Amino acid sequence: QVIDPNVYFVKTDSPFKSTADLVKAAKEKPESITTGDTGLMSDDHLSVLLFQLKTGIKLNMTHFDGSAPAQTAVLGGNVDMMIGNIGDAMAHYKSGNVRILGIASAERHPMLPDVSTFKEQGIDLQTAVVRGTVALAGTPTDVVKQLESALKKVDEMPAYREKMSGAGLPYRFMSTEEYDKFLQAEEQRVAELLKMLN
């Protein structure tokens, strides 16, 4: 499974050196700061809605059709900031093209040890996209166990781990039972988030 926390990033030459800079500017001039995300009601969109709620600001949001056009927009200066995930920002961050203002995880991420969490910056924001492997309801238990065993073997391969890390995709193996409990908790969390945002 991949649990990819949201990251907020700007071009390196952006006047926003920190989250505090951005929040201050947005409070002074509501809706003057433009943002890009990967789509309406995506994890990125939900994250920035919650960010606005937690900080009391109003941003000018654009919902792109996926990550690539949103990345192009922020790198081209068409939006001030992109809300994405580690995988969206990693290559640009390594090349020095973007500055990551914060990561929406509980703790600093091993892939981005120098990037402070929003929590460290005084904003209680923890959001991420979750990707995993599922089977149709009713799939025989022995088939599910075979799939789980195969995925565990893949997860233990050094080449796989190297590729995942190189792509900026934070991963960890979960058993079927662990993933089921995790998804149920995520469903409840998102439902509560939507209720709060409504």
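**Labels and their cut-offs**

Analyst: Leu40, Met41 and Leu194 make a nonpolar surface patch of about 300 Å². This is a predicted model, in which local features need pLDDT of at least 70 and side-chain atom pairs need pLDDT 80 or more, while totals for chains, interfaces and linings use all residues. Residues are numbered from 1 along each chain as its sequence is written, and side-chain values use heavy atoms, with hydrogens and water left out.

User: Why is Leu194 called partly exposed?

Analyst: Leu194 has 35% relative accessibility. Buried means under 20%, exposed means over 50%, and partly exposed is in between (1.4 Å probe, protein chains only), so Leu194 counts as partly exposed. Leu194 is in helix H7 (residues 176-197); helices (H or I, at least four residues) and strands (E, at least two) are DSSP runs, numbered from the N terminus.

User: How many aromatic pairs are there in the whole structure, and why is Tyr8 with Phe118 called edge-to-face?

Analyst: The search finds four aromatic pairs. The ring centres of Tyr8 and Phe118 are 4.8 Å apart, with the planes at 70 degrees. Rings of Phe, Tyr and Trp (its six-membered ring) pair if their centres lie within 6.5 Å; planes under 30 degrees apart are stacked, over 60 edge-to-face, and the rest tilted.

User: How do you know whether Tyr8 and Phe118 are buried or exposed?

Analyst: Tyr8 has a relative accessible area of 1%, so it is buried. Phe118, at 0%, is buried as well.

User: What kind of pair do Phe51 and Phe118 form?

Analyst: Phe51 and Phe118 form a tilted pair, with 5.7 Å from centre to centre and 55 degrees between the planes. Phe51 lies in helix H2 (residues 43-55) and Phe118 in the loop between E5 and E6, so the pair ties together parts that are 67 residues apart in sequence. Tyr8, Phe51 and Phe118 form one aromatic cluster.

User: What makes Lys152 count as sitting over the ring of Phe173?

Analyst: The charged end of Lys152 is 5.7 Å from the centre of the Phe173 ring and sits over that ring. The label requires NZ of Lys or CZ of Arg within 6 Å of the ring centre and within 35 degrees of the ring normal.

User: How many salt bridges does the structure hold, and what links Arg131 to Asp4?

Analyst: The structure holds nine salt bridges. One of them joins Arg131 to Asp4, with the closest N and O atoms 3.4 Å apart. The pair links distant parts of the chain, Arg131 in strand E6 and Asp4 in strand E1, 127 residues apart. Arg131 is partly exposed at 36% relative accessibility, whereas Asp4 is buried at 0%.

User: Where do Lys145 and Glu177 lie, and what does their pair tie together?

Analyst: Lys145 and Glu177 form a salt bridge whose closest N and O atoms are 3.3 Å apart. Lys145 lies in helix H5 (residues 141-155) and Glu177 in helix H7, so the pair ties together parts that are 32 residues apart in sequence. Lys145 is partly exposed at 37%, and Glu177 is partly exposed at 44%. Lys145, Glu148 and Glu177 are linked in a network of salt bridges.

User: Why is Asn78 called exposed?

Analyst: Asn78 has a relative accessible area of 59%, so it is exposed. Asn78 lies in the loop between helix H3 (67-75) and strand E4 (81-85).

Notes. Patch = residues over 30% accessible without salt bridge, like charges linked within 9 Å, V, L, I, M, F, W, Y side chains within 5 Å. Areas by Shrake-Rupley, 256 points an atom, 1.4 Å probe, with all protein chains shown as cover. Salt bridge = Lys/Arg side-chain N within 4 Å of Asp/Glu carboxyl O.
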